[in-house]
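Visitor: I am new to this structure. Please take one part and look at it closely, then show me what lies around it.

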Amino acid sequence: MAYRPSRKRKVTPPGAEINFTPVMNLVVVLIPLLLSVAQFVNVSLLDYQPPPAESLANASPDSRDLRERLELVVNVVSDGFEISLFGATSGRNFKRIPLTRSGAHNIDALQAELVRIRRDIVGSPIDTVEEADPMTGMPVRRPVYRFPDADVLNVAASGDTPWQLVVSVMDAARSYTDDAGRSHPLFALPRLGQIQ
Amino acid sequence: MAFAPSKRRRFIPLEPGRASLTPMMDMMTIILLFVLKTYSVTGALLTPAISDLPVSDSRAVPRRTLSLVLTAEGLFEEAQVTSDQGPGLGRRIVSANEFANEASVSLPSLETWLADRKELERSLGKMVTSRELTVQAARGVPYSWVLKLINAATLSNYDVFEFVVLKTAPAGGGQ
């Protein structure tokens, strides 16, 4: 009678395991690192470039842009905003936006008025022109509007105005989102000044 | 006669119990991918030195340039380590009194500091070409202080300013 085969042969050899230890070391270091920096990524930047020192008056007559200027100014005053176009101090090109009932400056109404100015007065570009980007030097195509200062917003506020309010005004003037959720530029070049 | 039961198995040494790392690996991998996808490493280059930065919906990516901190106590260097002035604040460059002085629109202390800084970088063999200045201005500082800072830095050939702000949540939610 034949002997039953030994069961020892059926013992499967232990399988080769992947060594996770180096991967684990890497992951254990990376996760705390990324989690520790995560609290700082809520930071962003607000770019501001002051106008060049050469004023329009000093420019040669040939280099002056003779188109009519928009001269959009937002005055941040204690009782609200004053929005002026074409240098007006009264009339239809001058508008006051009072404070809200809670006594805060009405940023939403300011943006609505800036959107109206952009749509109704500035309008669509009349041409495009290729220029060198002042920061990178790379050529970029820039839209041309009927006003040479169509992207400029002059912000004037008294010296004791909190910085947050000026930042909010620049935010309101940068862009807006239409009903379809698309973002459109408004007046993305702020010029900061002070009311004396 | 019945055979005696084998005693062989009694001598098989039991394998020591091993902690299974697989679920932990799964969890770590998921968290790592989530964190990598959600957060930009670029943001880590800039650390807020003060907690009361203004809030903005700007989405510009932070960059590391020469960084200053403007608070109600004055203008400070940004410190990489905690100093006696508080976390994130280094040496005071301009005092609050100098900012509050309405008789002057310039900040000689800042202009001197910027000139010294350029000279130091030149002496270290660095190319001093940057015109950018990162400013962490507290939300409550008077606007005239910011304008003074801009004016003084422009006189020292720094004419690109990057004001650090805290992002507001987008209208659609998310980060």
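Guide: Start with the side chain of His105(A). One of its polar atoms lies 2.7 Å from the backbone oxygen of Val77(A). That is a polar contact, meaning a pair of N or O atoms within 3.5 Å; within protein, one must be able to donate a hydrogen and the other to accept it, and residues adjacent in sequence count only if both atoms are side-chain atoms. This is a predicted model: local features need pLDDT of at least 70, side-chain atom pairs count only at pLDDT 80 or more, and totals for chains, interfaces and linings use all residues; side-chain values use heavy atoms, with hydrogens and water left out. Residues are numbered from 1 along each chain as its sequence is written, while chains are lettered from A and ligands numbered from 1 in the order in which they are written.

Where does His105(A) sit? Its place is the loop between β4 (94–98) and α2 (107–122) of chain A. Helices (H or I, at least four residues) and strands (E, at least two) are DSSP runs, numbered from the N terminus. His105(A) counts as buried because its relative accessibility is 18%. Buried means under 20% relative accessible area, exposed over 50%, partly exposed in between (1.4 Å probe, protein chains only). Leaving out residues up to four places away in sequence, His105(A) touches Val76(A), Val77(A), Ser78(A), Gly80(A), Phe81(A), Leu99(A) and Leu165(A). A contact here is heavy atoms within 4.5 Å.

Next, helix α2 of chain A. Arg116(A) forms a salt bridge with Glu113(A). Their closest N and O atoms are 2.8 Å apart. A salt bridge is a side-chain nitrogen of Lys or Arg within 4 Å of a carboxyl oxygen of Asp or Glu. Both residues lie in α2, 3 residues apart, about one turn of the helix. Arg116(A) is partly exposed, at 34% relative accessible area. Glu113(A) is buried, at 6%.

Arg118(A) is also in α2. It pairs with Asp151(A), the closest N and O atoms being 3.4 Å apart. Asp151(A) is partly exposed at 23%, and Arg118(A) is buried at 7%.

Arg122(B) forms a salt bridge with Glu119(B), with closest N and O atoms 3.6 Å apart. Both lie in helix α3 (residues 108–123) of chain B, 3 residues apart, about one turn of the helix. Arg122(B) is partly exposed at 48%. Glu119(B) is partly exposed, also with a value of 48%. Back in chain A, salt bridges that share partners join Lys95(A), Glu113(A) and Arg116(A) into one network. Over all chains, the count is 12 salt bridges.

Now step back to chain A as a whole. It has 3 helices and 10 strands. From the N terminus on, the elements run α-β-β-β-β-α-β-β-β-α-β-β-β. Chain A has 196 residues, and buried ones make up 34% of them. Take its contacts between residues at least 6 apart in sequence: 55% join residues at least 24 apart.

Two backbone angles deserve a look. Most residues other than glycine have a negative phi. Glu71(A) is not a glycine, yet its phi is positive, about 50°. Glu71(A) is in the loop between β1 (43–48) and β2 (73–77) of chain A, and it is partly exposed at 37%. Asn157(B) has a positive phi too, near 70°. Its place is the loop between α4 and β6 (160–167) of chain B. Asn157(B) is exposed, at 53%.

Last, the confidence. pLDDT is the predictor's confidence in each residue, from 0 to 100. Chain B averages 77, and 77% of its residues score at least 70. Over residues 171–175 of chain B, pLDDT stays under 50. For that stretch the model has 6 contacts beyond four places in sequence. For the complex, the predictor gives an ipTM of 0.71 and a pTM of 0.72.
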